[in-house]
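The following note sets out points for a colleague to check against the model. Please read each point beside the sequence and the structure.

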Amino acid sequence: MQKSDRKPKFLKDYAPPDFLIEEVALDVALAPKAARVVSRLRIRPNPKVATGGKPLVLDGEDLTLESLTLDGKMLSAVDYEVKDGSLTIKRVPARPFTLEVITTCDPEANTELSGLYLSRSTYCTQCEPEGFRRITYFLDRPDVLAVYTVRIEAERDTAPVLLSNGNPVAQGDIPSTNRHFATWHDPFPKPSYLFALVGGNLAAVPDEFVTQSGRKVALTIYVEPGKEDRCAWAMESLKRSMRWDEERFGREYDLDVFNIVAVSDFNMGAMENKGLNIFNDKLVLARPDTASDGDYVSIESVIAHEYFHNWTGDRVTCRDWFQLCLKEGLTVFRDQEFTGDTRSGPVERIGAVRILKSNQFPEDAGPLAHPVRPPSFIEINNFYTATVYEKGAEVCRMLQTLLGREGFRKGLDLYFERHDSEAVTVEDFVAAMADVSGRDLKQFMRWYTQAGTPELACSLDYDAHAKTARLTVSQIIPPTPGQAKKEPMLIPLKVGLIGANGDELPLTLADGIPLADGLLEVTEREQVFEFQDIPTPPTPSLLRNFSAPVRLSTNLDPGQIEFLMAHDSDPFNRWQAAQTYATNLLTDAARDGGNIERVTGKKAARLAQALAATARDSSLLTAYRAEFLKLPGEADIARELARNVDTDAVHGAREALRKKIGEEIRETLTELYEANAESGPYSPDPESAGRRALRNAALDLLVATGDASEIARAERHYRDATNMTDSIAALAILSHLAAPVRDKALDHFYARWQDEPLVLDKWFAVQARAASSSSVETARTLLSHPKFSLKNPNRVRALIGSFIHGNPTGLNRPDGAGYQLLAEQALEIDGFNPHMAARLLGAFESWRILEPIRQARAKSVLQDLAARTLSTDSYEIVTKTLGDG
Ligand code: PHE
Ligand code: ZN
């Protein structure tokens, strides 16, 4: 494997390309072992750079060069040099010229799943970020934008479907052969990372969309034959996304066709190639019996995400990979808004914040912390992170909060108007926002450059005599690797004050200015906001709707938090209050060695009653009520503890609290379980899904009582399930129990679904997540199961991914067996798919918050890894995770 070197690359070293490539004509002959690519490039010296006499250096990896022709003249070996990762043509004209490059690559041997590879028998490509160079020699960087015409030829029988970006222009048979061809043309200039090509025996599911200006777009989803009946939801989601982007952001689709291809081997979720999105099939295929409500939601949001990239990413792209958040953060923000608008704003917000806190906060607090726009990287593949995506989305959301929905929309309009068909930077994006609002966003830029989660401490003091409430706010941004000192950030802090009877109090600042939307702007390290005319002591509701990605601490007492749980008019904060109350109980218990008395007493009982009150409240959406019955996860508790974490103590405390809640409100839970029973055929709509979520959450707490009749209820739930949502919820609950109920259900599930890969993944996942003293051994047994394969990323994520992210007591077993399992599997995967391996190794990121014994075990496993031969990807993760200490 030819790989780039291990030297970091720096944002500050950015230089524009010496040459531009304006037109690309590719002729690709597909064959499993030697796909032949004829590439004709129209190249010219970059007028913005003095190139006189500079050689042309093209990127290339794992390619076999057959010939090179410049302006019709064949070059000989003395004219160029092929090295690891590059092709240098020593002398090129100082005017536009045409270069023809003929190479072959080996799709069958491509186990990295980057470049041109085979997924089962389908040829497909993945070019972001640096995969195009594995298809042909090129200036493989996002600031080189070209217009592509692509001719593909392949065997008619094995690859009847041939697709590329843009619009189809020609197709036909190649006379007297068994081969045929198709030609595609994409009129929009694009960077090479958005190139895509597919060839295979695929079934087409067609549909149509008429844009707001009346243009017809042919939509097609391509899947393995036999899977056509699982595309309806993805198609419906696509059409709704297209409509929503027109209505909310005025963005219309721009080609005659939009194609989606589902493949079973894919390193990530999906890819936004212009006009030809390629998807992990997990995020396309859904049928009520095979996909859960959660799957339906993910499909809807990823279909939307990739579609939205057509404007945020494709039409306006990134100048360099340091700007990745420019397209990813913005597009995640857009897909979150879509989900919020089409489902429920608060439920979406709760979900997004859960993900941010569980994935991004640990990253920001650990050795891999980096700003939303990293200043350097060794391997760009390692920077598709929660910080770039999720915190990046929060940064866009803060801009919308500060500018208002309308202001933000105007800013985005200006951004598209200014930069259509350009490769730009974060500065360009923020400049558009500054220009439409007339605001100075210089301080705001720190969100892109400073790593670490700001800690916001708020305390409210009431002056009964003056009838004023003073809110003191201070911010601390903790040091992160390479950034010891931080400057204060601009933090939008949405607040409310709630009177004793639960009413919102009108907010008037000391200078008499009404604060209608409750939005404060924190800009200093310490700041005081004074509110006038507050008749009685209020309860503050702080950081409403999670208005900034910060860690909040307050001087609220348990009584006030309980009050907010019942009365906060901000639905997000009402939920947050319940989470905070539970987290406080759980961290106290975990610090006390898992002392369960702390979670079985009066406070726990009060929590249980409060949860029951909201869960019963039929004026609220069912999906929202369900969120109240889900306690903070073990990783959430560990994160709050932040040091000396004993994962067994955390697990014990949480299990005890679940049991306590189950016992305390058993009657309510039983009622909820019964009242929300399924009637009629399955529908994935939010209200039906909400009912299932509420019912399954109630069941989970009922079973936590350990009562035999509740376990029998779970067994019945599994047996009677008429859809995957209920079936997998019951199986997950049963999988935590001791044999034989557990084994019986698992065996039944396996027998039914062994030939359905995406469903079988769920079978691997529930077992990998089940906490028990032998969970490492269980995971090992599953690793040698005949249906397990390290080569399929979905299966690896189902088993190894679920174990390392969903089984904290297993991964962190004090004897180090969990770490060993991870290290050894990652090492093996590293040999053929470094990107995948490095992602798994990210699970070590929080090792320093553990208690000393586990810390020592993790460290020695990491040190052992560091001493091995690793890919650049894994090397970067392992060495940074170990750090200097
Ligand atoms: N750009 C893809 C997205 O929409 C993610 C991706 C990155 C896919 C790299 C493959 C490789 O988020
Ligand atoms: Zn994306």
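1. Helix H9 is largely enclosed by the rest of the structure, because 16 of its 21 residues are buried (under 20% relative accessible area, with a 1.4 Å probe and protein chains only). Helices here are DSSP runs of H or I with at least four residues, and strands are runs of E with at least two, numbered from the N terminus.

2. This is a predicted model, in which local features need pLDDT of at least 70, side-chain atom pairs count only at pLDDT 80 or more, and totals for chains, interfaces and linings use all residues. Residues are numbered from 1 along each chain as its sequence is written, ligands are numbered from 1 and chains lettered from A in the order in which they are written, and side-chain values use heavy atoms, without hydrogens and water.

3. H9 covers residues 571-591 and reaches 30 Å from its first C-alpha to its last, close to the expected 30 Å (1.5 Å times one less than its number of residues). Just after H9, glycine 593 has a positive phi of about 70°.

4. Around ligand 1 there are 13 residues, of which Glu128, Glu272, Glu306, Glu328 and Tyr389 come nearest; a residue is counted if one of its heavy atoms lies within 4 Å. Strand E20 (270-271), helix H2 (293-308) and helix H3 (324-342) each supply at least two residues of this shell.

5. A side-chain N or O atom of glutamate 128 is 2.6 Å from a nitrogen atom of ligand 1. For glutamate 272, the distance to a ligand nitrogen atom is 2.7 Å.

Note on methods. Polar contact = N/O pair within 3.5 Å; in protein donor to acceptor, adjacent residues only side chain to side chain. Buried < 20%, exposed > 50% of the residue type's maximum accessible area, 1.4 Å probe, protein only.
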